[in-house]
Every structure is written in structure tokens, then in C-alpha cells.
Amino acid sequence: MQSLSDDPVKVTNSRGTVVFATAGPNTRTTQLFINTNPKGNGFLDKQGFSPIGEVVEGMDVVDKLYAGYGEGAPQGRGPNQGLIQAKGNEYLESAYPKLSYFSAAKFVN
């Protein structure tokens, strides 16, 4: 999978910002996350995590997404990134049955 070059960080990683996940400089692919910490995640700014969008309506819905698995290993009990890439939903559905999924999304101006 080809990675994307980093964008400069122009706004802080506050609650509700949408950001590409990375494994270091210039390693973005297709995984996104939403910052849910009420205090934000400003420490991510210095690590090069550049918000590309913001949840402007419906953060109450985001807060209902299942978060019980936490971060991926070794920080949490979440999914293994390599297995997600290799096996996709087959792996996720069997190993993480409580995981929330999007069935549709749209971008608005």
C-alpha cells in the first residue's frame, strides 16, 4: 500500500478533529481517527498528526462508538494493524465483535 506525504500541522488536535493515523513521518495510508479526548490531544501536533477535518455535528454519535478495546498493541487491546491489512473485516469481525462500523459517510462544505 502506498503511503501519503505528511501535511504541515496547521491546527491543533482538539476534540472532534479528524486525522490520518500514521506510523511515523510520511506513512499515512487510509486509516483515520477522530480525537475524542475532552481535553484534546495536543501532544500529537509535535508528532506530525495534521487534522484534515472536524466533526461539526454529531459528536454525541461519535461518543457512542465502542471504545472498549482501546489502542492497538502494545498500548491497548485493539486490533493488530498488520492483520487488518492482511485479512480485513474477516479478522476484525471474528476477533473484535463489539467493534463499531460505518455503513455510510458524507462530506459537506
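**Entry 1: N13 and its partners**

I looked up the side chain of N13 and found a polar contact of 2.6 Å to the side chain of D45. I count a polar contact when two N or O atoms lie within 3.5 Å; within protein, one must be able to donate a hydrogen and the other to accept it, and residues adjacent in sequence count only if both atoms are side-chain atoms. The model is predicted, so I note that local features need pLDDT of at least 70 and side-chain atom pairs pLDDT 80 or more, while totals for chains, interfaces and linings use all residues. Residues are numbered from 1 along each chain as its sequence is written, and side-chain values use heavy atoms, with hydrogens and water left out.

N13 lies in the segment before β1. Is N13 buried or exposed? I noted a relative accessibility of 1%, so N13 is buried. The cut-offs are under 20% relative accessible area for buried, over 50% for exposed, and partly exposed in between, with a 1.4 Å probe and protein chains only.

The side chain of N13 also makes a polar contact of 3.1 Å with the side chain of N35. I then listed what N13 touches, leaving out residues up to four places away in sequence; among them are V19, G40, N41, L44 and F49. Contact here means heavy atoms within 4.5 Å.

**Entry 2: N41**

I found N41 in the loop between β2 (32-34) and β3 (51-54). Helices (H or I, at least four residues) and strands (E, at least two) are DSSP runs, numbered from the N terminus.

N41 is buried because its relative accessibility is 13%. Which residues does N41 contact, leaving aside neighbours within four places in sequence? I found N13 and N35. The side chains of N41 and N35 are joined by a polar contact of 2.7 Å. N35 therefore turns up in polar contacts with both of the other asparagines in these entries.

**Entry 3: the sheet**

I traced 3 strands in an open sheet, in the order β2-β1-β3, with antiparallel pairing. Strands of a sheet pair through backbone hydrogen bonds, either parallel or antiparallel. Two strands are taken as paired if DSSP finds at least two bridges between them.

Direction ignored, neighbouring strands are turned by 30° against each other on average. That angle is between axes, which are lines fitted to C-alpha atoms (for helices, over the stretch in contact); angles run from 0 to 180 degrees between N-to-C directions.

Strand β1 (residues 17-20) is joined to β3 by 3 bridges. In this pairing V18 is opposite G53, and V19 is opposite P51. β1 and β2 also pair over 3 bridges, with F20 opposite L32. I checked both faces of β1 and found them covered: T17 and V19 are buried on one side, V18 and F20 on the other.

**Entry 4: the tyrosines**

How many aromatic pairs are there? I noted 4. The rule takes rings of Phe, Tyr and Trp (its six-membered ring) with centres within 6.5 Å; planes under 30 degrees apart are stacked, over 60 edge-to-face, and the rest tilted.

Y66 and Y69 make an edge-to-face pair, 5.0 Å centre to centre with 70° between the planes. Y69 and Y96 are also edge-to-face, because their planes are at 90°, with ring centres 4.7 Å apart. This pair links distant parts of the chain, 27 residues apart: Y69 is in the loop between α1 (59-62) and α2 (81-87), and Y96 is in the segment after α3 (89-95).

Y69 is buried at 12% and Y96 is buried at 10%, while Y66 is partly exposed at 32%. Ring pairs join Y66, Y69, Y91 and Y96 into a cluster.

**Entry 5**

The largest nonpolar core has 5 residues: Y69, I84, Y91, L92 and Y96. Such a core is a set of buried Ala, Val, Leu, Ile, Met, Phe, Trp, Tyr and Cys residues joined through side-chain atoms within 4.5 Å. Beyond four places in sequence, L92 touches P79, I84, P97, L99 and Y101.

Last, I looked up A86 in helix α2. A86 is exposed, since its relative accessible area is 63%.
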